[in-house]
Amino acid sequence: MSADQFLYELLNDPEQRRLMREMCIIVDENDRAIGADTKKNCHLMANINKGLLHRALSVFLFNSEGKLLLQQRAEEKITFPGFWGNTCCGQPLAREDEVEEENQMGARRAAQRILDHELGVKAEQIPLEKLHFLTKIQYLAASDGVWGEHE
């Protein structure tokens with residue numbers, strides 16, 4: 001499927017249209033919030049190639065035996081569809097409960113939201129205090145000629 005066909009199908013799905021309108025937190029090279037833009041704009045390589053950088057997170061969920069839950073990304077994802085990866089990943093959104101930076105509380109709330117959306121894991125199952133911040137990394141990766149990541 002071409003990128004144009006994929007975008008056409010993506011934008012005809014009401015849920016995907018909603019997700020593409022979500023507002024991500026735009027950051028500078030030091031992870032300081034400097035604005036907001038749509039998830040769609042944040043993942044277009046044309047914008048990424050101009051330096052657009054947004055905040056993101058990755059969740060690594062381990063069971064009581066220390067085994068890591070991996071997930072195969074949905075084919076509907078705009079970046080890296082069908083790839084195997086961490087438990088889940090996504091973006092803290094530019095909304096009051098997810099922009100809080102003290103103790104990474106905004107990112108922790110975003111992780112709960114994403115775990116629920118991606119895997120059906122409810123916030124009560126993984127309280128905020130059970131989510132541990134490990135480190136910050138920055139990367140840029142092109143998924144195809146149209147979409148990519150710069151987080």
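Reader: What makes Glu-100 and Arg-109 a salt bridge in this predicted model?

Author: Their closest N and O atoms are 2.9 Å apart. The cut-off is within 4 Å, so the pair counts as a salt bridge.

Reader: Why is Glu-100 called partly exposed?

Author: Its relative accessibility is 33%. Buried means under 20% and exposed over 50%, so Glu-100 falls in between. Arg-109, at 24%, is also partly exposed.

Reader: What makes Lys-77 and Glu-118 a tie between parts apart in sequence?

Author: Their side chains meet in a salt bridge, 2.7 Å from N to O. Lys-77 lies in the loop between strands E4 and E5, and Glu-118 in helix H5, so the pair links parts 41 residues apart in sequence.

Reader: How do you know whether Glu-98 is buried or exposed?

Author: Its relative accessibility is 2%. That is under 20%, so Glu-98 counts as buried. Glu-98 forms a salt bridge with Arg-95, at 3.1 Å. Arg-95 is partly exposed, at 36%.

Reader: What is the largest nonpolar core made of?

Author: Twelve residues, including Cys-88, Met-105 and Leu-128. Strand E3 and helix H5 each give two or more. H5 gives the most, with five.

Technical notes: Residues are numbered from 1 along each chain as its sequence is written. This is a predicted model: local features need pLDDT of at least 70, side-chain atom pairs count only at pLDDT 80 or more; totals for chains, interfaces and linings use all residues. Side-chain values use heavy atoms; hydrogens and water are left out. A nonpolar core is a set of buried Ala, Val, Leu, Ile, Met, Phe, Trp, Tyr and Cys residues joined through side-chain atoms within 4.5 Å. Buried means under 20% relative accessible area, exposed over 50%, partly exposed in between (1.4 Å probe, protein chains only). Helices (H or I, at least four residues) and strands (E, at least two) are DSSP runs, numbered from the N terminus.
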